[in-house]
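Subject: Structure handover

Hello,

Here is the structure I said I would pass on. My notes on it follow below.

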Amino acid sequence: MPRRDLPPLRALTAFEAAARLGSFRLASGELGITRSAVSHQVKSLEQRLGVKLFRRDARRAELTQTGHTYYPVVREAFDMIEAQTRALKPPAADNELTVQVYVTVALKWLIPRLHDFERRFPDMKVRLSTSYFDWDFDEKHVDAGFILARNRSPEHHYRTLFRSMLTPVCSPALMRGPNALRSPEDLTKHKLLYVYTAEEDWHIWLEAAGISGIKLSDRLAFDSYILAQEAAIEGRGVAMTIGPFATEEIKMGRLVNPFPLMVPHRHNWLFACNAEYAMKPKIKRFEEWLAKQIAADPALEPYRDKGK
């Protein structure tokens, strides 16, 4: 039989991690290699395929259209290998917990707090399954989720953690000069940065602000809020946030809220798990710890449900 025509596994692994995390730097941290090594592996894959998978500049790497087409196929293949590998292994210990979390939430809120969970429960091992694209609970691969669910299943247990609120952010530089942002109408002078899987965010906020006639640019869209936020820090436009995930950048003066208007999103941030396993000690332990962390965070005060 003819030999399979497959790219090197190391190159595919680097591509999948960089595409999933949206950053060569983050991929290097996950894979335990240097950023330049990730870039080299991706470049070798591009040379092998004869196509460009990423658009590169000094600060970030964005998938090309070909990259967007190739990534889901590679990820699905990796997911299948991972799932079958887990099936071959003995059942996981009851002190191991895999948590699904959107990458922006993981980087900007959850990871800085996990040391407290580790201190309180030193016998527990937490694995984070981060994603840019998965919105609903992925019960096949995780034990629990900290998610912004668009669809809910009666087979799942959900607990509302806090509201998702739409709030624009931008570089302080955009608040000065002849095109300074002084009112929502001034947004016509600036590029609106958005996540291409959530274009409705800006439409919802603009409608609440009473602004019409502003179109989103079709030349610069992102696959995550964290990348749109980074672009806003560089002064490339105004980004939309869906939670308190720009708090540190605002404290540091890298971002500002140009307008006080906060508009409720269509979905809330939830804890989720399979209803059948909701009372398992490791899941209940994490749920209660998460709820206490949220209750103690003053930055979440504007996001709390005042009706409860």
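**Strand β5 and its partners**

Phe 146 in β5 is the bridge partner of Val 101. The model is a predicted one, and the notes below should be read with that in mind. The pairing behind that bridge is between β3 and β5, which run parallel and share three bridges. β5 also pairs with β12, this time in the antiparallel sense and over five bridges. One of the bridges to β12 links Leu 148 with Trp 269.

β5 is mostly covered, with five of its five residues buried. Side chains in a regular strand alternate between the two faces of the sheet. In β5, Ala 144, Phe 146 and Leu 148 point one way, while Gly 145 and Ile 147 point the other way.

**Cys 273 in β12**

Cys 273 lies in strand β12. Its relative accessibility is 0%, so Cys 273 counts as buried. What does Cys 273 touch, leaving aside its neighbours within four places in sequence? The contacts are Phe 137, Asp 143, Ala 144, His 156, His 157, Ala 278 and Ile 283. Among these, His 157 is 116 residues from Cys 273 along the chain, and their C-alpha atoms are separated by 5.4 Å.

**Helix α10**

Helix α10 covers residues 281–295; at 1.5 Å a residue its 15 residues should span 21 Å, and its end C-alpha atoms are 21 Å apart, so the two agree. The buried residues of α10 are Lys 282, Ile 283, Phe 286, Glu 287, Trp 289, Leu 290, Ala 291, Gln 293 and Ile 294. The elements that cover them include the strands β3 (96–102), β5 (144–148), β6 (156–162) and β12 (269–274), together with the helices α5 (103–110) and α6 (114–120).

**The five-stranded sheet**

There is an open sheet of five strands with mixed pairing, in the order β9-β8-β10-β7-β11. β9 (221–222) and β11 (263–264) are at the edges with a single partner strand each, so one side of each has no neighbour in the sheet. Helix α8 (residues 225–233) packs on this sheet and touches β7, β8 (192–195), β9 and β10. The direction of α8 makes about 145° with that of β10.

β7 (residues 165–169) pairs with β10 (residues 238–241) in the antiparallel sense, over three bridges. Pro 168 stands opposite Met 240 in β10, and Val 169 has Ala 239 of β10 as its bridge partner. With β11, β7 is also antiparallel, joined by two bridges. Leu 166 is bridged to Val 263 in β11.

Is β7 mostly covered or mostly exposed? It is mostly covered: five of its five residues are buried. Met 165, Thr 167 and Val 169 point one way from β7, and Leu 166 and Pro 168 point the other way.

**Helices α1 and α2**

α1 (residues 9–21) packs against α2 (residues 24–31) at an angle of about 125°, and their axes are 8 Å apart. That angle makes α1 oblique to α2. The crossing is right-handed. On the α1 side, Thr 13, Ala 14, Ala 17, Ala 18, Arg 20 and Leu 21 take part; on the α2 side they meet Phe 24, Leu 26, Ala 27, Glu 30 and Leu 31.

α1 has 13 residues and reaches 18 Å from its first C-alpha to its last, close to the 18 Å expected at 1.5 Å a residue. Ten of the 13 residues in α1 are buried, and the helix is mostly covered. The buried ones are Ala 11, Leu 12, Ala 14, Phe 15, Glu 16, Ala 17, Ala 18, Ala 19, Arg 20 and Leu 21. Gly 22 follows α1 and has a positive phi, near 70°.

**Leu 45 in α3**

Leu 45 is in helix α3 (residues 35–49). At 0% relative accessibility, Leu 45 counts as buried, because the cut-off is under 20%. Not counting residues up to four places away in sequence, Leu 45 touches Pro 7, Ala 11, Leu 12, Phe 15, Leu 53 and Tyr 70. Of these, Ala 11, Leu 12 and Phe 15 are also among the buried residues of α1. Leu 45 and Gly 253 are 208 residues apart in sequence, and their C-alpha atoms are 39 Å apart in space.

Regards

Conventions. Residues are numbered from 1 along each chain as its sequence is written. This is a predicted model: local features need pLDDT of at least 70, side-chain atom pairs count only at pLDDT 80 or more; totals for chains, interfaces and linings use all residues. Side-chain values use heavy atoms; hydrogens and water are left out. Two strands pair if DSSP finds at least two bridges between them. Helices (H or I, at least four residues) and strands (E, at least two) are DSSP runs, numbered from the N terminus. Contact means heavy atoms within 4.5 Å. Axes are lines fitted to C-alpha atoms, for helices over the stretch in contact, and angles run from 0 to 180 degrees between N-to-C directions. The expected span of a helix is 1.5 Å times one less than its number of residues. Buried means under 20% relative accessible area, exposed over 50%, partly exposed in between (1.4 Å probe, protein chains only). Angles under 35 degrees count as roughly parallel, over 145 as roughly antiparallel, 65 to 115 as roughly perpendicular and the rest as oblique. A crossing is left-handed if the near helix is turned anticlockwise from the far one by less than a right angle, and right-handed if clockwise.
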